[in-house]
Amino acid sequence: MLQQTQVKTVIPYFLNFINRFPTLQDFAGADLQTVLKMWEGLGYYARARNFHKAADIVVKDMEGIIPDDFQTFIKLPGVGDYIGAAVQSIAFGHPFAVVDGNVKRVLARIHRVDAPVNKPGSHRQFKILADLHLDENDPGTFNQAMMELGALICSPKNPRCPSCPVSEFCKVFLSDTADQFPRRIEPKKIPVFHIAAGIVRKNGKLLITRRKLNGLLGGLWEFPGGKVEKGEEASSACIREIKEETSIIVETDAYLTTIHHAYTHFKIRMDIFYCRYISGRIHLNGPIDHKWIRLTDIDRFAFPKANLKFIPLIQKI
Ligand code: SF4
C-alpha cells in the first residue's frame, strides 16, 4: 500500500518484486537482506520488514491464504486500519471505507469540514464521513475512486473543479472557497541533526555496520558514525562515534562531502570523512553486525538513502 509514497515511485519496485517473488511463498522464503536490498531507496523500511514477517505468518500459519476477515487480517504485522480497509474492500469486496490523506482532502472540501486534516483527533470525523458515503455494493471500486479523485482531480493546490464528477454537491465549490480547505494545523518545526560518519579503510577494505532490526532504518547497512555533540568538531565526533559503536580506534584522513537528507520527523546534515584504521578489535555496541567489504561489493548490501547519496563519491583505495 502506498501511504506517503507516490504510485510512479513504486511501480518499478512493484515490478521487480513480482518478477523476483511470483508467489507469496517465494517472498516469505527470501532472506530479509534480499528484501531490504530490493526495497532500498523507498524509505519506510519497517514496512518491508513487517510485510516480510506477515508473509511468513500467512504461509506458515494460514496455509498461504490471506485472511478475508478484517479482524484476523489487521492482526498481521504492519497492517492497520488503512491497509485493512483497502485490502479487505478491494480484494474481497468487504464494506470498509479507506481514509488516507487524499480521501480526507476530498471529504474536507465536499463537506467544508473545519477540523484540521493533519490533527490526529479529527481522523474519526473523516472516518464517519467516509463510512457515510461508502458504496457497500462495490466498496473496492468506491475506495479506489475516492483515492484517485484526491490524487488526480482534487489536488492539494488548484483542484480541477470543472472536471470533477462531484462538484454539484461539493460545498467548497458551490461557495468558491476551495482554496480555504482542507484546514491544517501548523506542523511542528522539524529538527535538524548534525551527524558525522566515517569510511574506515583497512587493507583495501571498508567497514560497514548493520543497524538493529527494529527502529528507524532497521536491518540496513551503513557507514558507522553518529550525532555531533554541541561544540564538538565533526571529525572528532566521527572518531568518537566509531569508537563507541565498534571499539576500534581510527583517525580521519580527509573530508569527503556533506549530504542533507529529510526523514519524516527530522532532517540530517551528515559530514563524511575517510578514516584510517589505527588499532583495536571490533566489539559492537549498537550495531548488530559488521563487515569489511571491497568497494566493488557494495551493491550487495542495502543502505539508507542518506548513505546512497555519497557512496558514488567514494574513491577506490
Ligand atoms: Fe475537490 Fe473541486 Fe471536486 Fe470539490 S469540486 S471535490 S474541491 S475537485
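This is a predicted model: local features need pLDDT of at least 70, side-chain atom pairs count only at pLDDT 80 or more; totals for chains, interfaces and linings use all residues.

User: Is Val 113 buried or exposed?

Analyst: Val 113 is buried, with a relative accessible area of 4%; here buried means under 20% relative accessible area, exposed means over 50%, and partly exposed is in between, using a 1.4 Å probe and protein chains only. Val 113 is also 9.6 Å from Lys 171, C-alpha to C-alpha, although the two are 58 residues apart in sequence.

User: How many helices and strands does the chain have?

Analyst: The chain has 12 helices and seven strands. Of its 317 residues, 43% count as buried, and the C-alpha trace spans about 70 × 50 × 30 Å along its principal axes.

User: Which residues are around the ligand?

Analyst: They are Arg 109, Ile 153, Cys 154, Pro 159, Cys 161, Cys 164, Val 166, Ser 167, Cys 170, Val 172 and Phe 173, where a residue is near a molecule if one of its heavy atoms lies within 4 Å of it. By class, this shell has nine nonpolar, one polar and one charged residues, with Ala, Val, Leu, Ile, Met, Phe, Trp, Tyr, Cys and Pro counted as nonpolar, Asp, Glu, Lys and Arg as charged, and the others, Gly among them, as polar.

User: And where does the ligand sit?

Analyst: The ligand sits in the largest cavity, which requires that more than half of its atoms lie within 2 Å of the cavity's grid points. A cavity is a set of points, on a 1 Å grid over the protein atoms alone, where a 1.4 Å probe fits but cannot get out.

User: I see several cysteines there, so how many disulfides does a search of the whole structure find?

Analyst: The search finds zero disulfides, a disulfide being a pair of cysteine sulfur atoms within 2.5 Å. Cys 238, for example, is in no disulfide, and the nearest cysteine sulfur, that of Cys 275, is 3.7 Å away. Cys 238 is buried at 0% relative accessibility, and Cys 161, from the ligand shell, is buried with a relative accessible area of 16%.

User: Changing topic, what does the count of salt bridges come to?

Analyst: The count comes to 13 salt bridges, each being a side-chain nitrogen of Lys or Arg within 4 Å of a carboxyl oxygen of Asp or Glu. One of them joins the side chains of Glu 229 and Arg 240, at 4.0 Å from N to O. Glu 229 lies in the loop between strand 4 (225–227) and helix 11 (234–246), while Arg 240 lies in helix 11, so this pair ties together parts that are 11 residues apart in sequence. Glu 229 and Arg 240 also belong to a network of salt bridges that includes Glu 232, Glu 241 and Glu 244.

User: Which residue forms a salt bridge with Asp 253?

Analyst: That is Arg 276, with the closest N and O atoms 3.0 Å apart. Arg 276 lies in strand 6 (residues 267–279) and Asp 253 in strand 5 (residues 249–262), so the pair ties together parts that are 23 residues apart in sequence. Arg 276 is partly exposed, with a relative accessible area of 37%, and Asp 253 is partly exposed as well, with 39%.

User: Which residue other than glycine has a positive phi?

Analyst: Asn 158 does, with phi near 50°, and its place is in the loop between helix 9 (139–153) and helix 10 (171–174). Asn 158 is exposed, with a relative accessible area of 67%. Asn 203 also has a positive phi, near 50°; Asn 203 is found in the loop between strand 1 and strand 2 (205–210) and is exposed at 69%.

User: What about the peptide bond from Phe 181 to Pro 182, is it cis or trans?

Analyst: That bond is cis, with omega near 0°, and Pro 182 is found in the loop between helix 10 and strand 1 (192–202).

Technical notes. Residues are numbered from 1 along each chain as its sequence is written. Side-chain values use heavy atoms; hydrogens and water are left out. On a 1 Å grid over the protein atoms alone, a cavity is a set of points where a 1.4 Å probe fits but cannot get out, and a pocket is an open set with protein on both sides within 12 Å along at least five of seven lines; lining residues have an atom within 4 Å of a point. Helices (H or I, at least four residues) and strands (E, at least two) are DSSP runs, numbered from the N terminus.
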